[in-house]
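Here is a short tour of a helical packing arrangement, written for someone who likes to check geometry against coordinates. Have the viewer open and follow along.

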Amino acid sequence: MRGRPNLLAGEDLPVEPRQKRSLAKRARLKAAGLGLFAEKGYQGSSIEEIARRAKLAVGGFYQHYRSKRQMLLVLMDELLQKLSQLDLQPKAMGDVRTGLRQLLSHAFAHDLQYLGAYRAWQEAALSDPDVAQKQREIHAWTTGRVTAVFQFLQQLPGARPAVDVPGLARAMDSMFWSLLAQAVLLPEPDLNRWIDSDRKSTRLNSSHANI
């Protein structure tokens, strides 16, 4: 399986802060960026607004990021890092339904704080060819990980052998990213219902829990 895309390759990043005060400022900038990206999207969020929400001067922003685009790259790279650390292998269980529900719930529990970043990322990909290429690389990587999970689930009792696992994985991966992009507007109960809906749409929620 291919490794995760490195979104920061070739980026001229400012030096990582080490002092506690500087680290706290960067944390505030990240929180402000994620919040504004979630509320206003990429184009609607300005560096001035991000700095103001973080209670910093604009110059404080440029101590940590050279541009709004670079900030978005950093936030998305952090999301991919967290996804790469996520154990997608379902634990020992007796049916596919339980495995898939655990998989989706576990993934969203880790990723919800980055909803704003992904909303902005999708918007940026529409006008930035380099971001669009990175987007394709991300989806190829995550689809590969989902494929490995489905190959494991197919070994469980009751699984159908004649299933297009790569096609199912592509569909599931697409739904995951679509939900992640839109979940920023959803209350938690609605999000849980949507996770269940995505699970059912893969046809894994049949009476025999087949894949």
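Predicted model: local features only at pLDDT ≥ 70, side-chain atom pairs only at ≥ 80, totals over all residues.

A residue counts as exposed when its relative accessible area is over 50%, and as buried when that area is under 20%.

You will find Lys55 in the loop between α2 (47–53) and α3 (58–62). Another positive phi, near 80 degrees, belongs to Gly41, which follows α1.

**The overall picture**

The protein chain holds 9 helices and 0 strands, so its pattern along the sequence reads α-α-α-α-α-α-α-α-α. Of its 211 residues, 47% count as buried. Among the contacts with a separation of 6 or more, 71% are between residues 24 or more positions apart.

Two packed helices are described by the angle between their axes and the distance between the axes.

| Helix pair | Axes come within | Crossing angle |
|---|---|---|
| α4 (residues 68–85) and α6 (residues 115–125) | 10 Å | roughly 125 degrees |
| α1 (residues 20–40) and α6 | 7 Å | roughly 55 degrees |

Take α1 with α6 to begin with. Their axes cross at roughly 55 degrees, which makes α1 oblique to α6. The crossing of this pair is left-handed. On the α1 side, the contact is made by Leu34, Phe37, Ala38, Glu39 and Lys40, and on the α6 side by Gly116, Ala117, Arg119 and Ala120. Sorted by class, these residues of the α1 and α6 contact are 5 nonpolar, 1 polar and 3 charged.

Now for α4 with α6. These axes cross at roughly 125 degrees, and α4 and α6 are therefore oblique to each other. Here, too, the crossing is left-handed. From α4 come Leu72, Leu73, Leu75 and Met76, while α6 supplies Ala117, Tyr118, Ala120, Trp121 and Ala124. What classes do the residues in the contact of α4 with α6 belong to? There are 9 nonpolar residues, with no polar and no charged ones.

α1 has 21 residues and reaches 30 Å from its first C-alpha to its last, close to the 30 Å expected at 1.5 Å a residue.

In α1 the buried residues are Arg26, Leu29, Lys30, Ala32, Gly33, Leu34, Gly35, Leu36, Phe37 and Ala38. What covers the buried residues of α1 includes α2, α3, α4 and α6. In α4, the buried residues include Lys68, Gln70 and Asp77, along with Leu72, Leu73, Leu75 and Met76.

**A buried methionine further along**

Finally, move on to Met172, which lies in helix α8 (residues 165–182). Is Met172 buried or exposed? Its relative accessible area is 5%, so Met172 is buried. Met172 and Thr147 are 25 residues apart in sequence, and their C-alpha atoms are 9.3 Å apart in space.

Definitions and conventions. Residues numbered from 1 in each chain as written. Heavy atoms only, no water. Axes fitted to C-alpha atoms, helices over the stretch in contact; angles between N-to-C directions. Helix = DSSP H or I, 4+ residues; strand = E, 2+ residues; numbered from the N terminus. Parallel < 35°, antiparallel > 145°, perpendicular 65-115°, else oblique. Left-handed = near helix turned anticlockwise from the far one by under 90°. Contact = heavy atoms within 4.5 Å. Nonpolar A, V, L, I, M, F, W, Y, C, P; charged D, E, K, R; others polar. Buried < 20%, exposed > 50% of the residue type's maximum accessible area, 1.4 Å probe, protein only. Expected span 1.5 Å × (residues − 1).
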